[in-house]
Amino acid sequence: FLFKVDLPTRSQMVRHRVSWQELSRRYVSGSKVPFEFYVSEKMKNVKSFSNPYGYECDTQDIIRICLDHYDEAIAAGVKQQEARRIIPQAAYTQIWGAFQPKQLENYFKLRLDESSQWEIRQTAIFMRELLGY
């Protein structure tokens with residue numbers, strides 16, 4: 001399976017003991033593969049004044065500030081593997097997962113549960129549909 005998920009969802013997924021590979025941002029800059037971000041409905045309209053400019057920011061503004069800082073760091077000679085630390089957790093990543101049947105059964109058992117986080121439950125629903133379960 002190939003997944004495009006945000007970093008917190010990826011962290012939950014890789015807890016499952018399957019074979020994982022991930023797109024590396026160590027050597028792949030934002031100019032080669034542009035960053036994309038997941039912003040949930042609940043986060044879209046959150047506003048704050050927590051920024052160096054003194055004006056009200058929403059979540060997208062904060063992401064833009066971080067991307068600008070990333071670009072400035074790269075321009076100043078900072079390596080991509082160091083500069084990526086400023087990229088928000090909302091960034092998408094691509095991961096590939098190879099599941100054995102028992103591993104897939106366990107993934108569905110845990111991630112289709114109503115108490116599972118919405119985003120990771122969606123991955124399980126789509127996987128199950130793709131397999132025709």
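Q: Against which elements do the buried residues of α3 pack?
A: In this predicted model, where local features need pLDDT of at least 70, side-chain atom pairs count only at pLDDT 80 or more, and totals for chains, interfaces and linings use all residues, the partners are α2 (41-44), β4 (57-58) and α4 (80-83). Residues are numbered from 1 along each chain as its sequence is written, and side-chain values use heavy atoms, with hydrogens and water left out. Helices (H or I, at least four residues) and strands (E, at least two) are DSSP runs numbered from the N terminus, and contact means heavy atoms within 4.5 Å.

Q: Which residues of α3 are buried?
A: An α-helix has 3.6 residues a turn, so residues three or four places apart point the same way. Buried means under 20% relative accessible area, exposed over 50%, and partly exposed in between (1.4 Å probe, protein chains only). In α3 the buried residues are Thr59, Asp61, Ile63, Ile65, Cys66, Tyr70 and Ala73.

Q: Is aspartate 68 buried or partly exposed?
A: Aspartate 68, placed in helix α3 (residues 59-75), has a relative accessible area of 49% and is therefore partly exposed.

Q: What is found at the start of α3, and what just after α3?
A: At the start, a side-chain oxygen of aspartate 58 comes to within 3.1 Å of the backbone nitrogen of glutamine 60, while glycine 77, just after the helix, takes a positive phi of about 95°.

Methods:
Polar contact = N/O pair within 3.5 Å; in protein donor to acceptor, adjacent residues only side chain to side chain.
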